[in-house]
Amino acid sequence: MSGAELGEGAVARVDDVSRPSRVAGPDEAISAEELQLAARNHGIPLEALRYDVTPAGLHYLLIHYDIPDVDPATHALTVDGAVRLPLILGLDELRSRPRVTRQVTLECAGNGRALLHPRPVSQPWLVEAVGNAEWTGTPLAPLLREAGIAPEAVDVVFTGADHGVERGVEQDYQRALPVADALREEVLLAYEMNGAPLLPQHGAPLRLIVPGWYGMAHVKWLRSITVLTEQFDGYQNAVAYRLRRDADDPGEPVTRIEPRALVRPPGFPDFMTRTRVLRPGPCTVDGRAWSGHAPVTSVEVTTDGGATWAPATMDPPRGGDWSWRRWRYEWSPRPGRYTLGARATDASGRTQPLEQPWNRGGFANNLVQRVEVVVLAD
């Protein structure tokens with residue numbers, strides 16, 4: 001909003017530039033603001049599901065505010081709050097600590113939001129907000145133990161260097177984990193992605209990696225870790241990223257990734273609609289499956305929009321407990337139109353729904369993907 005719109009001499013507030021969350025009206029089109037978000041953030045091209053490890057430039061990306069200007073030479077991580085020994089560590093000091101590399105699948109909590117009806121107005125994800133990378137860094141738990149967490153500690157808050165306004169609240173990006181989750185041995189302070197230093201858009205020079213959790217927990221441009229003796233009530237925990245039915249519902253926090261399988265679209269696409277085109281005959285349909293709750297144990301495939309299902313063949317796990325897994329299905333279609341999809345089930349018994357429960361933020365939407373395919377006549 002310009003000064004003229006505010007009125008001469010008016011006092012500007014963050015509320016003047018940041019509006020409450022809302023749900024789109026019936027048949028409301030994607031707005032210019034949503035397109036602006038979509039231009040800044042991007043999903044994985046689905047053909048890139050062919051890679052076990054997603055190249056950094058193809059990995060999904062969500063940037064809440066601006067990419068901050070952080071100098072690795074002077075960047076320092078502070079560990080403070082309810083600890084016995086506050087710490088300040090430069091990047092070289094973190095690199096000198098034990099080094100671990102893990103493959104971890106990251107998925108945005110809002111993946112699938114744009115497919116909901118009515119549509120929550122925000123970053124308009126379809127199904128592509130995912131990637132699987134090799135993250136290298138040092139485990140967080142030994143650092144917290146060295147600092148000496150107070151016995152009465154409840155939450156650990158992670159603060160990034162990115163700063164902005166969201167729904168009327170000016171803030172640094174901050175997310176908290178319960179102490180027990182922060183002390184999981186697989187949680188990393190990462191400074192490399194796929195064997196190279198982090199790129200600016202992926203959180204350089206330091207970010208948090210929380211295997212199994214949706215992307216909002218993997219704080220980028222990490223500058224401080226603060227231990228609290230009470231539950232963190234910051235915006236990204238208490239207001240955003242909650243499963244709620246309406247604006248007055250306190251909701252439940254978004255945490256671990258729900259099971260999902262994606263189809264790597266076969267054949268070749270129409271430019272505008274992305275409808276796939278195939279020739280008749282044998283075809284291997286494949287894709288990836290993952291879950292943050294437990295390992296994926298099976299994937300089923302449909303070629304008729306969910307009327308019938310057949311088991312896929314699962315490749316052996318390759319990337320560890322927190323990496324996606326490839327599946328394959330041999331198909332020999334005749335000429336006609338088909339709707340493909342895949343449904344993952346994990347070891348906890350969770351499986352993808354055919355009808356997605358709605359929530360106001362559009363979070364944790366793991367509805368089965370639909371891939372429209374036309375098989376040409378000979």
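The lining of the largest pocket divides into 17 nonpolar, nine polar and twelve charged residues. In that count, Ala, Val, Leu, Ile, Met, Phe, Trp, Tyr, Cys and Pro are nonpolar, Asp, Glu, Lys and Arg are charged, and the others, Gly among them, are polar.

Some ground rules. This is a predicted model, in which local features need pLDDT of at least 70 and side-chain atom pairs count only at pLDDT 80 or more, while totals for chains, interfaces and linings use all residues. Residues are numbered from 1 along each chain as its sequence is written, and side-chain values use heavy atoms, with hydrogens and water left out.

Back to the pocket. On a 1 Å grid over the protein atoms alone, a pocket is an open set of points with protein on both sides within 12 Å along at least five of seven lines, a cavity is a set where a 1.4 Å probe fits but cannot get out, and lining residues have an atom within 4 Å of a point. Grid points are joined across faces, edges and corners, and a volume is the space filled by probe spheres set on the points.

The largest pocket holds about 1,300 Å³ of space. It has 38 lining residues, and those closest to its centre are Leu-37, Val-121, Ser-122, Glu-166 and Arg-167. Helix H2 (32–40) and strand S5 (155–166) each supply at least two residues of this lining; H2 gives the largest share, five residues. Helices (H or I, at least four residues) and strands (E, at least two) are DSSP runs, numbered from the N terminus.

The second largest pocket holds about 870 Å³. Leu-46, Leu-126, Val-127, Glu-128 and Arg-274 are the closest to its centre, out of 29 lining residues. Its lining has 13 nonpolar, nine polar and seven charged residues.

The whole structure has two cavities of 30 Å³ or more. The largest has about 220 Å³ of space, and of its 19 lining residues the closest to the centre are Leu-62, Arg-207, Gly-215, His-218 and Lys-220.

Is Arg-288 buried or exposed? It is buried, because its relative accessible area is 2%, and buried means under 20%, exposed over 50%, partly exposed in between (1.4 Å probe, protein chains only). Arg-288 lies in strand S16 (residues 283–290). Its side chain makes a polar contact with the side chain of Asp-52 at 2.9 Å, and reaches the backbone oxygen of Tyr-51 at 3.5 Å. A polar contact is a pair of N or O atoms within 3.5 Å; within protein, one must be able to donate a hydrogen and the other to accept it, and residues adjacent in sequence count only if both atoms are side-chain atoms.

Last, the strands. Two strands pair if DSSP finds at least two bridges between them. An open sheet of six strands runs in the order S14-S15-S22-S21-S17-S18, with mixed pairing. Its edge strands, S14 (268–269) and S18 (310–311), each pair on one side only. Inside that order, S21 (residues 336–346) and S22 (residues 371–375) run antiparallel, joined by five bridges, with Leu-340 opposite Val-371.

Elsewhere, four bridges join S1 (residues 76–81) to S2 (residues 87–90), also antiparallel. A hairpin connects S1 to S2 through five residues, and Ala-76 stands opposite Gly-90.
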